Amino acid sequence: MRPGPLDKNNALTCHDVGARFRGRRAGATGRSRRNATMSSILLMLVGLSAMSLGYLFYSKFIAERIYRLDPDYRTPAHTMGDGVDYVPTNRFVLWGHHFTSVAGAAPIVGPAIAVIWGWGPAFLWVTLGTIFFAGVHDFGALWASARNRGQSIGMLSGRLIGARGRSLFLVVIFLVLLMVNGAFAAVISNLLVSTPTSVIPVWGAIIVALLIGQAIYRYKVGLLWPSIIGVAVLYALILLGNAVPVVLPETVLGLSAKSVWILLLFAYAAIASLLPVWVLLQPRDYINGLQLFVGLGLLYTAVLFGAPEIVAPAFNTALPDNTPSIVPLLFVTIACGAISGFHGLVASGTTSKQLDKETDARFVGYFGAVGEGMLSLAAIICCTAGFATLVDWQAVYTAFGTGGVNAFVTGGGTLLANGLGLPADLGATILAVMAILFAGTTMDTGLRLQRFVIQEAGELAGIRVNTLVGTVLAVGVCMTLAFGAGADGSGGMIIWPLFGTTNQLLAGLTLAIITVILIKKGRPAIYTLVPLVFLLAMSIFALLVQMGQFYRAENWLLLGMDVVILIAALWVTLESFIAMRQGRDPVEADAPGEARE
């Protein structure tokens, strides 16, 4: 699978976006719109309504009948509170942390690529995947971890499927985190270089988050005013950044501008991962979550006022040459926004340690997945209704992987200009800042999670790895990949083609662990078992397809990694199904006051 949308040549400057929009708008007068087949308003209403109903009814059913949340259960945030990682947190703040940590750029990039097969398959997978796959997966990983002392899903697997399965699970988890941290650093650096108007708001958001953290936790100020002031300041910084772009010199001490940004990003992520979560991680993620909803509100309002028609086909029968088959590639191209294994890492790695009440897991976990789905739906609309004609759309989608962030920024800028009258350059800055902030929060959470994995691996080996050493090792591995495989620090992109399949495979394996827990407790497991079987089938199918591609291209590094991941996945799957066949465990049976401390 090609890393096209994350390639350095895919980034657009605000000037490029503005010029394209002005030219498109001027040439759109009198242009035929015969190819428009669907109202974007109708698509938006159907998608948002379905996800809302999923949260109101399906998540309630899962919470009450399957996971059986207990309002009196004492969560690890209380029983193991340390003021650093284990901190009881307001559910709205925790939702902001969880949502923005899992969002990143993936819920934009995946759908923006996948609409090459048509908006119909992308829309169906995002909508149904959010309701029946992602919500249950994210919610379940959070619940399972909170019920087991905040252990990560990888460590939890040891008790349920054995030591060998746990070791192989940790290998898959480590590779996913390495891909996320290495690739997202390259993505952010590319955007900071190509969109210099985003520099001030992106780095200024860190200062805003620090002040909000102090206000809420040190001075006990309520959420309302810090939220209002924080969002207002953030958008003021966007206006300032749009007026005062920051461009680094082409070289600094012999390093390219992209290399400098990558070094600064890893330095920031390392510091953020060492600080107590309430100082920076929580407030940064919370204010970014609010900023996203403002951004989504702007996009959806622009759709209502502008009423653009979708010019892309529902099912594209005129695919460019060498476009891969929709099955299984659709289901690994769109990950975040439908279902993503990385979400389970965040839910069981950091979010579960901050859960104040077990009943908050439904709002934080399932509604966090709904937020992802809403963002992916917006990306689909931007990339199919943000173009004047089908010909304009086809000019962008010339090959698989040629959509991505550029299509989202271009199409979204058009929607904001047509619907709300915003200058195209400002609209592009808003969308670029949105993408960078979420990629940044994913990166700093990802580095913290990678430190947890290193510490857990050390624990298995009988070696105690402290927080500082674990962080240094995590950064060292990521930097080695970034600069060892790429002169400008973009080496993280080398293994990115495997991310989609490995990430979805991880989601299937996480659902396998949740299913084992449910079976041992004697509860209905069909609601996790069906998504589990589907994801494993699609992911293993995709791994086999990619294996052939890597062999023909003589890419021995990716071929070797593909084989390792496939073997690990099959082994963990086998161990999981053996555990399922063992059936109910009397020790796991529900009892009054179960697991209360």
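Predicted model: local features only at pLDDT ≥ 70, side-chain atom pairs only at ≥ 80, totals over all residues.
Local features need pLDDT of at least 70 and side-chain atom pairs count only at pLDDT 80 or more, whereas totals for chains, interfaces and linings use all residues.

**View 1. The second largest cavity and its lining.** A cavity is a set of points on a 1 Å grid over the protein atoms alone where a 1.4 Å probe fits but cannot get out, and lining residues have an atom within 4 Å of a point. Its volume is the space filled by probe spheres set on the points, which are joined across faces, edges and corners. Among the residues that line the second largest cavity are Trp203, Tyr268, Arg284, Gly440 and Met443. Helix α18 gives the most to this lining, with four residues, while α9 (199-218), α11 and α18 each supply at least two; helices here are DSSP runs of H or I with at least four residues, and strands are runs of E with at least two, numbered from the N terminus. By class the lining has nine nonpolar, one polar and one charged residues, where Ala, Val, Leu, Ile, Met, Phe, Trp, Tyr, Cys and Pro count as nonpolar, Asp, Glu, Lys and Arg as charged, and the others, Gly among them, as polar.

**View 2. The largest pocket.** This pocket has a volume of about 560 Å³, a pocket being an open set of grid points with protein on both sides within 12 Å along at least five of seven lines. Of the 23 residues that line the largest pocket, Tyr86, Phe452, Gln455, Glu456 and Glu459 are the closest to its centre. The elements that give two or more residues to the lining are α11 (257-274) and α18 (424-460), and α18 gives the most, with five residues. The lining divides into eight nonpolar, seven polar and eight charged residues.

**View 3. Asn181 in helix α8.** Asn181 lies in helix α8 and counts as buried because its relative accessible area is 0%, the limit for buried being under 20%, with exposed over 50% and partly exposed in between (1.4 Å probe, protein chains only). Leaving aside neighbours within four places in sequence, Asn181 is in contact (heavy atoms within 4.5 Å) with Phe266, Met443, Gly446, Leu447, Gln450 and Cys478. A polar contact of 2.7 Å joins the side chains of Asn181 and Gln450.

**View 4. Two loop residues with positive phi.** Most residues other than glycine have a negative phi, and most peptide bonds are trans. Leu253, in the loop between β2 (251-252) and β3 (255-256), has a phi near 55°, and Leu253 counts as exposed because its relative accessible area is 86%. Glu554, in the loop between α21 (526-552) and α22 (556-581), also has a phi near 55°, and Glu554 is exposed, with a relative accessible area of 57%.

**View 5. A cis peptide bond.** The bond from Val327 to Pro328 is cis, with omega near 15°, and Pro328 is placed in helix α13 (residues 326-333).

Key
Residues numbered from 1 in each chain as written. Heavy atoms only, no water. Polar contact = N/O pair within 3.5 Å; in protein donor to acceptor, adjacent residues only side chain to side chain.
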